[in-house]
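Biologist: Could you walk me through this one, with the cut-offs spelled out as you go?

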Amino acid sequence: MINSIARFTLIFIVLILLQILLFNNIQFSGYVNPYIYIMFILLLPVEMPSWILLFISFGTGIIIDIFSGTMGMHASATILAGFVRPYILKLISPRDGYEPGVNPAMLIYGFRWFLLYAGLIVVIHHTALFFLEVFRFTDFIRTLLRVLLSSLFTITFILLLEFIRKGK
Amino acid sequence: MRNLLNFLAKYNNLLIFIILEGFAVFLLASGNNYHNTRFIKGIRGLTRGIEERMSNMRAYFNLRDVNQSLVAENTALKNTIERLARQEEILFFSVDDTVNNQQYIFSDAKVTDNTVNRQKNFFILNRGTRQGLAKDMAVVTGSSVAGIIVGCSDNFSIAMSLLNIDFRLSARIRSNGYFGSLSWNGRDISRAVLSEIPQHVTFGIGDTIETTGYSAVFPEGIIIGTISGFEKTGGDFFKIDVSLLTDFRKLSYVKVIGNLKKAEQLELEKLIQ
C-alpha cells in the first residue's frame with residue numbers, strides 16, 4: 001500500500017514536471033499542444049473509489065493550472081476525465097472483468113485495450129479543455145481540429161511513456 | 001429523509017463531480033480576468049522561483065540573438081548621432097525645453113514568463129508600478145511591436161501579447177499611409193491579419209506595416225512586419241497577411257513605452273465623441 005502510494009507520487013511528480021517544463025513549451029503551428037499529465041488519471045488503480053479519483057483529478061488539474069496561469073481550465077477538464085473514467089472502464093472491460101489489485105496498464109490488458117482506453121479519455125479531456133480555452137463556438141471546426149491533432153500527439157506520447165514503463 | 005440519504009448515497013459521485021466541476025468553472029470565470037492583478041500577485045509568489053530560473057536559462061540561450069540585435073541597434077544609434085552632430089556644425093538652432101516637449105518615455109524590462117501556444121497569450125515583465133510602468137503602455141522588442149500592458153503590480157506587469165485573439169492595433173502601410181486594423185488570427189505565431197484596407201489601394205508583397213499612433217498607446221512608425229500575401233474579401237476590402245517581425249518565442253528583453261501626453265490626447269478626443 002505504502003509502496004504503491006510512493007510509486008504513484010513519483011509518477012505524478014515526473015508527469016507534472018514533464019508537462020510544465022517540456023510539453024507546455026511545445027508549439028507546432030498553433031494546433032498541437034499535448035497535455036500528457038492526463039496519463040496520471042489513466043494509471044490509477046481500477047478499484048479506486050470514484051470520489052477519491054474526482055478529488056485527485058481536481059488536484060492534478062489545479063496544479064497544472066497554477067503553473068500555466070489558467071485558473072480552473074485544466075481542473076474542469078481533468079475532473080470530467082476523472083468522472084467518466086469508471087464508465088469507460090466498465091464499457092471496455094475485458095471478458096473476465098478486472099482482477100483486484102491490478103492497475104490499468106498496457107502490460108496487463110494489452111496494447112489494443114490500452115489504446116482504446118487512453119484514446120477515449122484523452123479525447124474527452126482535450127475536447128473539454130480546448131473548448132473551455134476558447135470559450136466560444138465560432139471557429140468550431142478549427143477548435144475540433146486542434147482537439148484531434150493534440151489528442152493524437154498526447155496519445156502517442158502516452159503510449160511511448162507506457163512502453164518505457166513497460167521496459168522496466 | 002431516509003429517501004434523501006439513499007438518493008445521496010446512490011448518486012454521491014455525481015454530486016461530488018458537480019460540486020468540484022462547479023468550483024473549477026467558478027475559478028475559470030473569476031480567476032481568468034487578467035486585469036485582476038491582485039490574483040496574479042498571489043499566485044506568482046508561488047511559482048516565481050521556478051519561472052525565474054527557467055527564464056534565466058532561456059535568456060542564456062538567447063544571448064547570441066540578443067547581442068546581434070544590440071549591435072544592430074548600436075549601429076543605428078551611432079549613425080543617428082553622427083547625423084545630428086553634423087547638423088550642429090552647419091545649422092543654427094534654438095534649444096527648446098526638452099522635458100516639456102518629450103512625448104514618449106522609454107523604460108527597459110525583461111520577460112519572465114511568456115506563452116505562445118494559447119489562443120490568448122500573455123507575458124509577464126519584471127517591472128511594475130514602482131519602476132514607473134502603468135496600464136496601457138506599449139511593449140516593443142528591438143524595433144517591433146510585442147504587446148500592451150494590461151495590469152501592473154508593485155514589481156511585475158502583465159502584458160497582452162500581439163498573439164492574443166483579443167488584441168487590436170491600428171496599423172498602416174508605410175509606403176502609402178493607408179491604415180486598417182491589425183489582429184492575430186490565432187493560427188500561426190509569425191502571422192497576423194491587417195483588415196479594412198480599401199481595394200483601390202496599391203501595395204506590394206514585402207511592404208512594411210507600421211503603427212499609426214492614433215491609439216495613443218504606440219508611437220507612430222513602429223514596425224510590425226511585412227506584407228506576405230493578400231486576398232479580397234466581400235465589402236471592397238483587402239485582407240492582408242502580415243508576416244510579423246517579432247519572434248515571440250524568443251521574447252526576452254523588451255522596451256516599454258509610455259505616452260506622457262496620453263491624458264491630454266484622450267481629453268481632447270472626448271470632445272468629439
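Modeller: Let me begin with a definition: helices (H or I, at least four residues) and strands (E, at least two) are DSSP runs, numbered from the N terminus. With that settled, H74(A) lies in helix 4 of chain A. The model is a predicted one, in which local features need pLDDT of at least 70 and side-chain atom pairs count only at pLDDT 80 or more, while totals for chains, interfaces and linings use all residues. Residues are numbered from 1 along each chain as its sequence is written, chains are lettered from A and ligands numbered from 1 in the order in which they are written, and side-chain values use heavy atoms, with hydrogens and water left out.

Biologist: Is H74(A) buried or exposed?

Modeller: H74(A) is buried, at a relative accessible area of 2%, where buried means under 20%, exposed over 50% and partly exposed in between, using a 1.4 Å probe and protein chains only.

Biologist: Which residues is H74(A) in contact with?

Modeller: Taking contact as heavy atoms within 4.5 Å, and leaving aside neighbours within four places in sequence, H74(A) is in contact with Y35(A), Y37(A), G61(A), I64(A), D65(A), S68(A) and L129(A).

Biologist: How many helices and strands does chain A have?

Modeller: Chain A has seven helices and zero strands, and 54% of its 168 residues count as buried. Among the contacts in chain A with a separation of 6 or more, 69% are accounted for by residues 24 or more positions apart.

Biologist: And how many helices and strands for chain B?

Modeller: Chain B comes to six helices and 12 strands, with 41% of its 273 residues counted as buried.

Biologist: Which residues touch the most other members of the largest nonpolar core?

Modeller: A nonpolar core is a set of buried Ala, Val, Leu, Ile, Met, Phe, Trp, Tyr and Cys residues joined through side-chain atoms within 4.5 Å; the largest has 59 residues, and F40(A), F114(A) and Y117(A) touch the most other members. At least two residues of this core come from each of several helices, including helix 1 (2-22) and helix 7 (140-167) of chain A as well as helix 2 (12-31) of chain B. Helix 6 of chain A gives the most to this core, with 10 residues.

Biologist: Which residues does F114(A) touch?

Modeller: Not counting residues up to four places away in sequence, F114(A) touches P104(A), A105(A), M106(A), G119(A), I158(A), L159(A) and E162(A). There is also a second, separate core of 53 residues, which includes V139(B), V140(B), A171(B) and V256(B).

Biologist: Switching to pockets, what volume does the largest one have?

Modeller: Its volume is about 720 Å³, a volume being the space filled by probe spheres set on grid points that are joined across faces, edges and corners. On a 1 Å grid over the protein atoms alone, a pocket is an open set of points where a 1.4 Å probe fits, with protein on both sides within 12 Å along at least five of seven lines, and lining residues have an atom within 4 Å of a point.

Biologist: Which residues lie nearest its centre?

Modeller: Of the 22 lining residues, S69(B), T141(B), G142(B), S143(B) and Y253(B) lie nearest the centre of the largest pocket. Helix 4 of chain B gives the most to that lining, with eight residues.

Biologist: Back to chain A, where is E47(A)?

Modeller: E47(A) sits in the loop between helix 2 and helix 3 of chain A, and at 48% relative accessibility it counts as partly exposed. E47(A) and P100(A) are 53 residues apart in sequence and 7.1 Å apart in space, C-alpha to C-alpha.

Biologist: Which residues does K262(B) touch?

Modeller: K262(B), found in helix 6 (residues 262-271) of chain B, touches K135(B), D136(B) and A216(B), not counting residues up to four places away in sequence. Phi of D136(B) is near 70 degrees, a positive value in a residue other than glycine.
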